[in-house]
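I opened this notebook to keep track of what I looked up, one topic at a time. The entries below follow the order in which I went through the model.

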Amino acid sequence: MSSKKDMRRADLIIPYQEPAAKTDAPEFQSTLSSTLPMAAIFMRNRYIGWAAVVFAVQSWLGESEDTKKSTSTPGYFSVGMSLMSLAVTYLPLFLPPPPGMQQGSATDAAPPVPA
């Protein structure tokens, strides 16, 4: 049979304390939202541009008061940069290059000059 006596010792009770938040944790979300627009502009890749918009909006909406104080650029700046990168990737559809422009890299050999 069980006894009704409480066998726990009161001197061994340790009250719960919430652990301190880590302040040195890297924020990959904000890093992606600031580097993806640049990658989309440099590589002219539309998929990276759309991913930049999604990450920027998500990081802007998920900002807390602490991250607003600690970051150097506001969240809406990242959203603006991502929208600008998307506009740059779609720019050739609306403003096509002139017909005489040669498409290629700068490392190719120069085309022959017509005589």
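Before looking at any pair of helices I wrote down the handedness rule: a crossing is left-handed if the near helix is turned anticlockwise from the far one by less than a right angle, and right-handed if clockwise. I also noted that helices (H or I, at least four residues) and strands (E, at least two) are DSSP runs, numbered from the N terminus.

I reminded myself that this is a predicted model, in which local features need pLDDT of at least 70 and side-chain atom pairs count only at pLDDT 80 or more, while totals for chains, interfaces and linings use all residues. Residues are numbered from 1 along each chain as its sequence is written, and side-chain values use heavy atoms, with hydrogens and water left out.

**Entry: the whole chain**

I looked up the elements and found four helices and zero strands in the protein chain, running α-α-α-α from the N terminus on. Of the 115 residues of the protein chain, 16% count as buried. I then turned to contacts, where contact means heavy atoms within 4.5 Å. Among contacts in the protein chain between residues at least 6 apart in sequence, 62% join residues at least 24 apart.

Angles under 35 degrees count as roughly parallel, over 145 as roughly antiparallel, 65 to 115 as roughly perpendicular and the rest as oblique.

H2 and H4 pack at an angle of about 165°, with their axes 8 Å apart. That makes H2 roughly antiparallel to H4, and the crossing of these two helices is left-handed. On the H2 side I listed residues including Trp50, Val53, Val57 and Trp60, and on the H4 side residues including Tyr76, Val79, Leu83 and Leu86. The contact of H2 with H4 divides into 12 nonpolar, six polar and one charged residues, where Ala, Val, Leu, Ile, Met, Phe, Trp, Tyr, Cys and Pro count as nonpolar, Asp, Glu, Lys and Arg as charged, and the others, Gly among them, as polar.

I checked Tyr76 separately, as a residue of helix H4.

**Entry: H1 and H2**

How are H1 and H2 oriented to each other, roughly parallel or roughly antiparallel? They pack at an angle of about 155°, with their axes 8 Å apart, and are therefore roughly antiparallel to each other. H1 passes H2 in a left-handed crossing. Among the residues that meet here are Leu32, Leu36 and Met43 in H1, and Ile48, Phe55 and Ser59 in H2. By class, this contact has 11 nonpolar, five polar and no charged residues.

I followed Ser59, which lies in helix H2 (residues 46-61). Ser59 is buried, with a relative accessible area of 13%, and touches Gln29 and Ser33, not counting residues up to four places away in sequence.

Thr31, in helix H1, is partly exposed, with a relative accessible area of 42%.

In the loop between H1 and H2 I found Arg44, which has a positive phi of about 55° although it is not a glycine. Arg44 is exposed, with a relative accessible area of 53%.

**Entry: H1 and H4**

Helix H1 (residues 28-43) and helix H4 (residues 75-94) pack at an angle of about 15°, with their axes 8 Å apart. That makes H1 roughly parallel to H4, and their crossing is left-handed. Ser33, Pro37, Ala40 and Ile41 in H1 meet H4 residues that include Met81, Met84 and Val88.

**Entry: the record**

I looked up UniProt last, where an unreviewed entry places the feature "transmembrane region" at residues 75-95. In the model, the end C-alpha atoms of residues 75-95 lie 30 Å apart, and the span is 95% helix and 0% strand.

How values were computed
Axes are lines fitted to C-alpha atoms, for helices over the stretch in contact, and angles run from 0 to 180 degrees between N-to-C directions. Buried means under 20% relative accessible area, exposed over 50%, partly exposed in between (1.4 Å probe, protein chains only). UniProt positions are given in the numbering used here, feature names are shortened, and annotations may be inferred rather than shown by experiment.
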